[in-house]
Amino acid sequence: MTAPLVFVLSGPNLDRLGTREPEVYGSDTLDDVHSAVSREAGALGLLADCRQTNHEGEMIDWLHEAVDAGADVVINPGAWTHYSYAVRDACAIVTTSGRSLVEVHLSNPAAREEFRQTSVVAPVATGTVAGFGLQSYLLALRALV
């Protein structure tokens with residue numbers, strides 16, 4: 001039997017983890033995140049497909065691909081969290097298709113600038129994990145099982 005597939009999607013600027021505002025986002029790189037996610041997914045009996053993009057249309061295509069593949073999604077939408085109704089609508093396609101989608105954030109947006117305190121994704125997500133650094137991704141995987 002094949003392990004259930006989970007798309008682990010990271011949005012804009014997350015390719016700069018480790019060097020971008022380490023006091024906010026920590027010192028782990030995106031490669032560190034992907035390695036930890038792959039290990040945790042394997043331990044949970046999941047297969048993680050980790051991807052990052054700075055392009056909104058590509059993220060939307062990946063969300064559609066997840067639906068077509070019957071995969072759950074862990075997504076860190078980055079700045080799209082706060083304003084991208086296109087990403088929000090693609091996330092809604094995931095959850096209304098019967099799949100789970102967990103929104104993750106390394107920092108705690110509720111404790112940051114006012115514009116970061118609203119998520120357009122949260123209302124269509126299965127759940128949200130925020131503020132635990134790299135562990136946010138791992139907690140999201142655990143939530144799926």
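Is arginine 51 buried or exposed? I looked this up first in the predicted model. Arginine 51 has 15% relative accessibility, so I put it down as buried, since buried means under 20%.

**Entry: the partners of arginine 51.** I found a salt bridge between the side chains of arginine 51 and glutamate 65, with 3.0 Å from N to O. Arginine 51 sits in strand E2 (residues 47–52) and glutamate 65 in helix H3 (residues 56–69), so I noted a link between distant parts of the chain, 14 residues apart. Glutamate 65 is partly exposed, at 35% relative accessibility. I also noted that Asp49, Arg51 and Glu65 are linked in a network of salt bridges.

**Entry: other salt bridges.** I have 5 salt bridges listed for the structure. One of them joins glutamate 40 to arginine 142, with the closest N and O atoms 2.7 Å apart. Because glutamate 40 lies in helix H2 (residues 30–43) and arginine 142 in helix H5 (residues 135–144), this pair ties together parts that are 102 residues apart in sequence. Glutamate 40 is buried at 16%, whereas arginine 142 is partly exposed at 38%. I then looked at aspartate 89 and arginine 88, which form a salt bridge with their closest N and O atoms 3.1 Å apart. Aspartate 89 is partly exposed at 41%, and arginine 88 is partly exposed at 25%.

Entry: The unreviewed UniProt entry has an "active site" annotation covering Tyr25 and His105. I located histidine 105 in strand E4 (residues 101–105). Histidine 105 counts as buried, at 8% relative accessibility. Leaving out residues up to four places away in sequence, I listed what histidine 105 touches, including Asn76, Thr81, Phe132 and Ser136.

Terms used: Residues numbered from 1 in each chain as written. Predicted model: local features only at pLDDT ≥ 70, side-chain atom pairs only at ≥ 80, totals over all residues. Heavy atoms only, no water. UniProt positions renumbered as here; feature names shortened; annotations may be inferred. Helix = DSSP H or I, 4+ residues; strand = E, 2+ residues; numbered from the N terminus. Buried < 20%, exposed > 50% of the residue type's maximum accessible area, 1.4 Å probe, protein only. Contact = heavy atoms within 4.5 Å. Salt bridge = Lys/Arg side-chain N within 4 Å of Asp/Glu carboxyl O.
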